[in-house]
Amino acid sequence: LKCLCNSSHSLPPSEIMASMKSASLALLLCAHLSPVVAAARYDVEESPVTKVVGLLNELEARIAADGKAEQTSYDKYACWCEATLGRKANDISKAEEDISTLGALIIKLKAGIAT
């Protein structure tokens with residue numbers, strides 16, 4: 001077998017196997033330590049997933065707070081509507097009574113003028 005450096009010398013098979021084993025071991029070690037290094041880096045900095053979860057939790061809290069504020073506003077509006085509806089219904093009933101009373105008075109007064 002020939003050396004990969006394009007020179008004319010040959011390597012014995014035992015050296016080739018040894019260099020392949022050491023290269024494989026180095027590659028395996030890098031692959032094994034890569035998540036450890038990445039995890040160590042993310043311990044200092046938040047991971048993207050942790051940031052997204054944090055943002056979602058903040059959004060959930062804001063939505064809950066907005067919901068409470070909306071419910072308070074709606075309750076006030078509903079109370080105003082009920083009070084106004086009751087007042088208007090009372091005003092309409094009183095106005096209908098006034099219409100019949102005043103209509104009878106008009107007829108009575110017309111009869112008094114005609115005589």
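## Nonpolar surface patch

On the surface, a nonpolar patch is formed by Val-52, Leu-56, Leu-59 and Ile-63, which together have about 370 Å² of accessible area. The model described here is predicted.

## Overall architecture and surface

The secondary structure of the chain consists of two helices and zero strands. The chain has 115 residues, of which 4% count as buried. Its accessible surface amounts to about 10,300 Å², and carbon and sulfur atoms contribute 67% of that area.

## Aromatic pair

One aromatic pair is found in a search of the whole structure. The pair is formed by Tyr-77 and Trp-80, whose ring centres are 6.1 Å apart and whose planes make an angle of 25 degrees; the arrangement is stacked. The assignment follows from the cut-offs, because paired rings have centres within 6.5 Å and stacked planes are under 30 degrees apart.

Tyr-77 and Trp-80 lie three residues apart in helix H2, so about one helical turn separates them. Tyr-77 has a relative accessibility of 48% and thus counts as partly exposed.

## Salt bridge

The structure contains one salt bridge. The partners are Lys-94 and Asp-98, with 3.9 Å between their closest N and O atoms. This distance qualifies because the criterion for a salt bridge is a nitrogen-to-oxygen separation within 4 Å.

Both residues belong to helix H2, where Lys-94 and Asp-98 are four residues apart, or about one turn of the helix. How exposed are the two partners, Lys-94 and Asp-98? Lys-94, at 51% relative accessibility, counts as exposed, whereas Asp-98, with a relative accessible area of 35%, is partly exposed. The two labels differ because exposed means over 50% relative accessible area, while partly exposed residues fall between that limit and 20%.

## Cysteines

Zero disulfides are found in a search of the whole structure. Cys-79 takes part in no disulfide, and the nearest cysteine sulfur, belonging to Cys-81, is 9.3 Å away.

Cys-79 counts as exposed, at 51% relative accessibility, and Cys-81 counts as partly exposed, at 26%.

Technical notes. Residues numbered from 1 in each chain as written. Predicted model: local features only at pLDDT ≥ 70, side-chain atom pairs only at ≥ 80, totals over all residues. Heavy atoms only, no water. Patch = residues over 30% accessible without salt bridge, like charges linked within 9 Å, V, L, I, M, F, W, Y side chains within 5 Å. Areas by Shrake-Rupley, 256 points an atom, 1.4 Å probe, with all protein chains shown as cover. Salt bridge = Lys/Arg side-chain N within 4 Å of Asp/Glu carboxyl O. Buried < 20%, exposed > 50% of the residue type's maximum accessible area, 1.4 Å probe, protein only. Phe/Tyr/Trp six-rings, centres within 6.5 Å; stacked < 30°, edge-to-face > 60°. Disulfide = S-S within 2.5 Å.
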